[in-house]
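Dear colleague,

My notes on what was found in it follow directly after.

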Amino acid sequence: MNAVEGQLNQIAKGKVKTCEERRPHLTGILLHLLSFLSPLLLLVIWEILAKYGIVDVRLFSSPSRIFKTFLPLLSSGELVYHTLMSVQRIILGFLVGAIPGVVLGLSMGLFPPVKAMLEPIVAVTFPIPKLAIMPLILIIFGLGEASKIFTIAIGVFYLVLINTMAGVLNIDPLYMDVAKSFGASRLQFYTTVALPGALPMIFAGLKLGMGTALLLIVAAELSAARAGVGWMIWRSYDMFDIERMFCSLIVLALLGYIFSYVLDFIERIVIPWKNR
Amino acid sequence: MEKKEAIRIENLTKVFKSRSSEVVALKNINLSVRDGEFLAIVGPSGCGKSTLLRILAGLEKQTEGNIYIKAKDSTKPLTAVVFQGDAVFPWMKVIENVEYGLRIRRVPPHERRRIATSYLRLMGLENFAHYYPHQLSGGMKQRVNVARAFASDPEILLMDEPFGALDEQNRLILQQELLRIWEGSGKTTVFITHSIDEAIFLGDRIVVMTAQPGRIKAILDVDLARPRDMLFMKSTPQFAELYKKVWELLREEVLKARK
Ligand SMILES: Nc1ncnc2c1ncn2[C@@H]1O[C@H](COP(=O)(O)OP(=O)(O)O)[C@@H](O)[C@H]1O
Ligand SMILES: [Mg+2]
């Protein structure tokens with residue numbers, strides 16, 4: 001690595017003060033303004049292109065058309081209803097997947113026999129695309145809520161399980177020596193070293209799981225649903241209602257943002273010791 | 001065991017076996033550590049110093065030989081270790097780290113907080129009790145490490161190059177602080193180091209080990225009065241003489257280890 005590259009790397013890691021940092025005020029405001037204006041600019045360009053017929057509004061719609069559809073959807077309560085339906089499924093599915101994921105992941109990380117027993121099963125079933133088992137889930141759990149919750153749960157489960165196990169297995173052996181040298185019992189070792197040591201990885205798994213949950217909700221609501229944001233998208237597809245489709249996409253984007261914010265918030269409380 | 005003995009090591013041998021190789025880490029170690037003594041061990045890297053300490057701490061089992069550690073008080077733990085490297089738990093606050101040994105022994109919360117606080121004060125960390133380790137400098141973390149070992153009040157203190165990763169200034173300060181606390185506690189201590197200065201400054205005796213397989217090459221007495229002061233000590237002829245002796249013994253081994 002040459003000197004310039006090294007310098008660039010350090011700038012990327014925030015170690016070297018760049019010119020901007022010496023005049024933090026002006027440039028700071030400018031940068032904020034820039035990140036606020038750029039999406040707006042994109043919307044304006046989109047609107048103009050639509051207005052002058054450069055893009056086909058029947059396919060790409062336009063910000064103003066979407067906005068005109070969005071307001072009545074919101075005020076009628078329809079959008080809120082569908083959103084809440086989906087949120088309920090996501091949260092339930094997330095919990096049903098994450099809780100056993102953490103418990104089994106911890107057990108596999110802590111007890112070699114459990115790992116030996118379950119690892120082959122996990123290794124073989126994990127790569128199966130979750131969408132591929134949806135029909136099976138529908139046959140087993142029927143067309144009701146259970147099948148949707150289970151579809152999400154199964155996606156979340158594997159990510160949380162694998163990350164939790166890795167979190168336990170990757171704890172620095174030095175910490176285990178410390179616990180052992182002070183005479184910690186097995187139980188004391190679990191509560192004072194294994195669990196706190198694995199927490200950062202557990203949260204990494206939960207965040208990945210949340211991403212998957214959002215992906216799977218759309219698929220789960222494709223079949224045999226009567227409500228939900230995912231259902232709205234498929235319904236708009238059937239009706240060729242591009243504006244409604246965009247409105248649902250906006251809701252999904254917001255949901256993703258909110259869920260990851262909530263997880264970050266919980267992480268800050270549960271892992272106050274993490275160096276951010 | 002004799003009356004004034006705290007540790008006796010007899011014919012200790014440790015072999016690490018794996019499918020393809022066999023490493024003799026320690027061979028026929030015979031050593032007796034006196035009650036209340038500060039024993040410094042120096043030796044070339046890889047000669048088995050850490051292995052010896054880990055066996056004393058019960059973290060590793062010897063292949064052959066016996067170890068006796070005298071327990072004067074059955075309520076105290078036999079040993080406490082200050083490990084090489086950053087062994088402070090990042091998920092516990094400074095005070096919780098220092099309390100750890102007491103918590104494991106189920107000392108009531110109030111009592112252990114009192115004890116831990118007094119050691120934090122001794123180490124000049126009382127204002128950082130509720131900090132997390134990532135908020136501390138390397139020198140401060142190592143203070144926490146030392147305080148944690150002292151607070152658990154073991155029969156024997158074991159330290160494995162505790163200041164090895166610190167810069168020169170921090171090392172000097174911590175050596176002085178360790179000496180002050182140790183002189184007040186009278187604890188039998190086995191201290192591993194690769195610094196000759198440190199061994200002379202801190203030790204009552206210095207054990208020089210051979211390159212792999214680790215054996216005891218020589219044991220030297222440090223006839224320097226306590227309490228000691230590093231600056232003063234370094235200017236004495238005894239220090240220079242002892243330094244030369246240890247270095248000559250070590251030099252042979254370091255050169256051997258390089259071959
Ligand atoms: N767990 C282990 N398995 C195999 N070999 C080991 C193990 N621990 C230490 N050794 C070997 O034993 C020798 C002594 O190691 P160590 O006690 O760490 O040396 P020192 O602390 O003096 O540098 C080295 O050759 C090292 O590679
Ligand atoms: Mg070592």
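In this predicted model, helix α12(A) passes helix α13(A) in a left-handed crossing. Helix α12 spans residues 229-239 of chain A and helix α13 spans residues 242-270 of chain A; the two pack at an angle of about 160°, with their axes 8 Å apart. Because an angle over 145 degrees counts as roughly antiparallel, α12(A) and α13(A) are roughly antiparallel to each other. On the side of α12(A), the contact is made by Val229(A), Met232(A), Ile233(A), Ser236(A) and Tyr237(A). On the side of α13(A), the residues are Arg244(A), Met245(A), Ser248(A), Leu249(A), Val251(A) and Leu252(A). By class, this contact of α12(A) with α13(A) comprises 8 nonpolar, 2 polar and 1 charged residues.

The axes of helix α9 (residues 145-169) and helix α11 (residues 186-220) of chain A come within 8 Å and cross at roughly 160°. That angle makes α9(A) roughly antiparallel to α11(A). The crossing of α9(A) and α11(A) is right-handed. Their contact has 16 nonpolar, 9 polar and 1 charged residues.

I turn next to the interface between the chains. Here, 19 residues of chain A are in contact with 25 residues of chain B. Chain A and chain B bury about 2000 Å² between them, and 66% of this area is on carbon and sulfur atoms. Which residues of chain A lose the most area to chain B? They are Tyr175(A), Phe182(A) and Trp273(A), which together account for 36% of what that side buries. The rule finds 1 salt bridge across the interface of chain A and chain B. The side chains of Arg54(B) and Asp177(A) meet in a salt bridge, with a distance of 2.7 Å from N to O.

A cis peptide bond joins Gln212(B) and Pro213(B), with omega of about 0°. Pro213(B) is found in the loop between β8 (205-209) and β9 (216-221) of chain B. Another cis peptide bond joins Arg226(B) and Pro227(B), where omega is about -5°. Pro227(B) lies in the loop between β9 and α7 (230-234) of chain B. Asn28(B), although not a glycine, has a positive phi of about 50°. Asn28(B) is placed in strand β2 (residues 22-34) of chain B.

With kind regards

How values were computed
Residues numbered from 1 in each chain as written. Chains lettered and ligands numbered in written order. Predicted model: local features only at pLDDT ≥ 70, side-chain atom pairs only at ≥ 80, totals over all residues. Heavy atoms only, no water. Axes fitted to C-alpha atoms, helices over the stretch in contact; angles between N-to-C directions. Helix = DSSP H or I, 4+ residues; strand = E, 2+ residues; numbered from the N terminus. Parallel < 35°, antiparallel > 145°, perpendicular 65-115°, else oblique. Left-handed = near helix turned anticlockwise from the far one by under 90°. Nonpolar A, V, L, I, M, F, W, Y, C, P; charged D, E, K, R; others polar. Contact = heavy atoms within 4.5 Å. Buried area = accessible area lost by both parts, 1.4 Å probe. Salt bridge = Lys/Arg side-chain N within 4 Å of Asp/Glu carboxyl O.
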